[in-house]
Amino acid sequence: MLTIRLYMLQRITALLMAPLVIGHLAVMIYAIQGGISAEEILGRTQGSLAWFAFYGTFVAAVSIHGAIGLRAVVHEWGGVKGPALEVLMWVVGAGLFALGARAVWAVTFGGGL
């Protein structure tokens with residue numbers, strides 16, 4: 001039952017990430033072609049709750065999606081099972097979320113956590 005729930009959660013996060021990836025790539029292409037400097041990008045993103053929500057949602061979805069995917073790979077290729085597998089999934093997910101949240105916070109509010 002847990003496996004089907006994780007499978008569904010990974011598919012839902014994939015659906016959520018698809019438009020976010022497209023939006024992120026569009027922003028990156030715009031920034032590169034427009035010759036916008038990092039300072040100009042930060043000037044536009046700092047204090048913006050919309051960018052905070054966009055990239056915060058992106059980070060949450062990637063953290064969940066990546067941790068579940070790594071769990072499946074470690075189980076199938078490494079033979080890891082039981083509590084060790086669950087701990088690994090939670091540690092990876094929490095680590096990805098912490099790193100991403102720190103970056104989103106810094107870009108949006110201009111400081112480290």
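Four helices and zero strands make up the protein, where helices (H or I, at least four residues) and strands (E, at least two) are DSSP runs numbered from the N terminus. This is a predicted model, in which local features need pLDDT of at least 70 and side-chain atom pairs count only at pLDDT 80 or more, while totals for chains, interfaces and linings use all residues. Residues are numbered from 1 along each chain as its sequence is written, and side-chain values use heavy atoms, with hydrogens and water left out.

**Start with the whole chain.** With everything displayed, the pattern read along the sequence is α-α-α-α. The radius of gyration, taken over C-alpha atoms, is 17 Å, well over the 13 Å that the globule rule gives for 113 residues, so the protein is more spread out than a compact globule; that rule is 2.2 Å times the number of residues to the power 0.38. Along the principal axes, the C-alpha atoms fill a box of roughly 50 × 30 × 20 Å. Colouring by accessibility shows that buried residues make up 22% of the 113 residues, with buried meaning under 20% relative accessible area, exposed over 50%, and partly exposed in between (1.4 Å probe, protein chains only). The accessible surface comes to about 7600 Å², of which 74% belongs to carbon and sulfur atoms; these areas come from the Shrake-Rupley method with a 1.4 Å probe, and for residues only the protein chains shown count as cover. Of the contacts (heavy atoms within 4.5 Å) between residues at least 6 apart in sequence, 73% join residues at least 24 apart.

**Next, select the annotated segments.** An unreviewed UniProt entry places the feature "transmembrane region" at residues 12–32, 52–73 and 85–105; the positions are given in the numbering used here, the feature names are shortened, and such annotations may be inferred rather than shown by experiment. Residues 12–32 are 100% helix and 0% strand in the model, with end C-alpha atoms 31 Å apart. For residues 52–73 the model likewise gives 100% helix and 0% strand, and the end C-alpha atoms are 31 Å apart.

**Show the aromatic side chains.** A search of the whole structure finds eight aromatic pairs, a pair being rings of Phe, Tyr and Trp (its six-membered ring) with centres within 6.5 Å, and planes under 30 degrees apart counting as stacked, over 60 as edge-to-face and the rest as tilted. Trp51 and Tyr55 form a stacked pair, 5.9 Å centre to centre with 25 degrees between the planes. Phe58 is buried, with a relative accessible area of 13%. Selected together, Trp51, Phe54, Tyr55 and Phe58 form one aromatic cluster.

Ile64 has its place in helix α3 and counts as partly exposed because its relative accessibility is 35%. Not counting residues up to four places away in sequence, Ile64 touches Leu9 and Thr13. A distance drawn from Ile64 to Gly82, 18 residues apart in sequence, gives 19 Å from C-alpha to C-alpha. Then select Gln10, which lies in helix α1 and is buried, with a relative accessible area of 14%. Leaving aside neighbours within four places in sequence, Gln10 is in contact with His65, Ile68 and Gly69.

**Finish beyond α4.** Gly110 is in the segment after α4 (82–109) and counts as partly exposed because its relative accessibility is 47%. Apart from neighbours within four places in sequence, Gly110 is in contact with Gln46 and Trp105. The C-alpha atoms of Gly110 and Gly47, 63 residues apart along the chain, are separated by 8.3 Å.
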